[in-house]
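Subject: Structure for you to look at

Hello,

Here is the structure I promised. Please open it and keep it in view while you read my notes below.

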Amino acid sequence: MEIPHIPVLLEEVKETFSQINDGFIVDCTVGYGGHSEALLEQNPNIKLICCDQDSEAIKFSKTRLKRFEDRVVFEHAKFSTVVKKYEDYPIRGILADIGVSSLQLDKNSRGFGFESETLDMRMDPQNPKSASSVVNGYSQSELEEILRDYGEMRDFKRVAKTIVDNRPFESAKELALVLKKLGGKPKIHPATLPFQAIRIEVNNELGELDELLESIYTSKLKNCLVGIISFHSLEDRIVKKTFKLWTKSCICPVGIMRCECGNNHSLGKIITKKPIIPTKEEERINPRSRSSKMRVFRLK
């Protein structure tokens, strides 16, 4: 079958989970099954829980992984919910690749790309909020907020005003053409950061990541590796900060003279002092891997 997506950091993911010899690995974002297939091939005694909110991805991966069907459980849901649902299973690993897949970016009907004739950007087609409702329905101040916070743009006010002055927009292509006129950094399309901000807002991407990490923190899981692959600085900062908090044994408020919490709250240890990034060879083969970073934590 034709594979529409190249999984990032594939060899690094395989190495990270290579010593797991029993139980389950949760692939929180199975996408088109690249990581899952590699783990099932490499670790013959493990089973996988494959989750995705994109029904098209689930359908594709069921076909791709059919030869492993007795070792795979599929879950059509947001990745923030899957750990709690399966926390009583013997979970030995959790993988979350929280980027947008190539099929979502490249398929015109999904409305993610600059040339798309729609304005959608929903990872879950059942999501009531779309890029169209954000771009055409948000106030200028609301657009400024998401462009500033999720796009980390300095000129967020000018971009928000441009969107408001030129709407309504019928397609991502139309929006990209208007944004292109604003100019920007060399080699970076001026619509890149605005599109990122809109996509994050539509799919509540940072909120979903926070909820996933909180669900792991409050779960019953023990002896489990957690690998999170992120694609922009906002996500990576959340993962880095959270993993650091998970190592703290004392969680008393700052200023307390004597520990009152029991000093036994550490969940485990950080495996990756620095994030794992793609090799130059991977970047050459798959340019979309360039911004990917993986951080790994071991729950004790």
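A residue counts as buried when its relative accessible area is under 20%. Trp246 has 3% relative accessibility, so Trp246 counts as buried. Keep that residue in mind. One caution before going on: this is a predicted model.

First, the overall picture. The protein has 13 helices and seven strands. Its radius of gyration is 20 Å, close to the 19 Å that the globule rule gives for 300 residues, so the protein is as compact as a globular protein of that length. The C-alpha atoms fill a box of roughly 60 × 55 × 40 Å along the principal axes. Of the 300 residues, 51% count as buried.

Now the surface and the charges. The accessible surface comes to about 15,400 Å², and 51% of it belongs to carbon and sulfur atoms. There are 47 positive and 43 negative side chains. The centres of these two sets lie 5 Å apart.

Next, the aromatic rings. How many aromatic pairs does a search of the whole structure find? It finds seven. One of them joins Phe243 and Trp246. This pair is tilted, with 5.4 Å centre to centre and 35° between the planes. Both residues sit in helix α12 (residues 233-246), three residues apart, so about one helical turn separates them. Phe243 has 1% relative accessibility, so Phe243 counts as buried too.

Trp246 also pairs with Phe297. Their ring centres are 5.2 Å apart and their planes are at 80°, so this pair is edge-to-face. Trp246 lies in helix α12 and Phe297 in strand β7 (residues 293-299), so the pair ties together parts that are 51 residues apart in sequence. Both Trp246 and Phe297 are buried. Elsewhere, Phe24, Tyr86 and Tyr89 form one aromatic cluster.

Last, find Asp22. It lies in the loop between α1 (10-16) and β1 (24-27). Is Asp22 buried, exposed or partly exposed? Its relative accessible area is 43%, so Asp22 is partly exposed. Leaving out residues up to four places away in sequence, Asp22 touches Asn45, Ile46 and Arg92. Asp22 and Ile91 are 69 residues apart in sequence, yet 8.9 Å apart in space, C-alpha to C-alpha.

Best wishes

Notes. Residues are numbered from 1 along each chain as its sequence is written. This is a predicted model: local features need pLDDT of at least 70, side-chain atom pairs count only at pLDDT 80 or more; totals for chains, interfaces and linings use all residues. Side-chain values use heavy atoms; hydrogens and water are left out. Helices (H or I, at least four residues) and strands (E, at least two) are DSSP runs, numbered from the N terminus. The radius of gyration is taken over C-alpha atoms; the globule rule is 2.2 Å times the number of residues to the power 0.38. Buried means under 20% relative accessible area, exposed over 50%, partly exposed in between (1.4 Å probe, protein chains only). Accessible areas come from the Shrake-Rupley method with a 1.4 Å probe; for residues, only the protein chains shown count as cover. Lys and Arg count as positive and Asp and Glu as negative; His and the chain ends are not counted. The place of a charge is taken as NZ of Lys, CZ of Arg, CG of Asp or CD of Glu. Contact means heavy atoms within 4.5 Å. Rings of Phe, Tyr and Trp (its six-membered ring) pair if their centres lie within 6.5 Å; planes under 30 degrees apart count as stacked, over 60 as edge-to-face and the rest as tilted.
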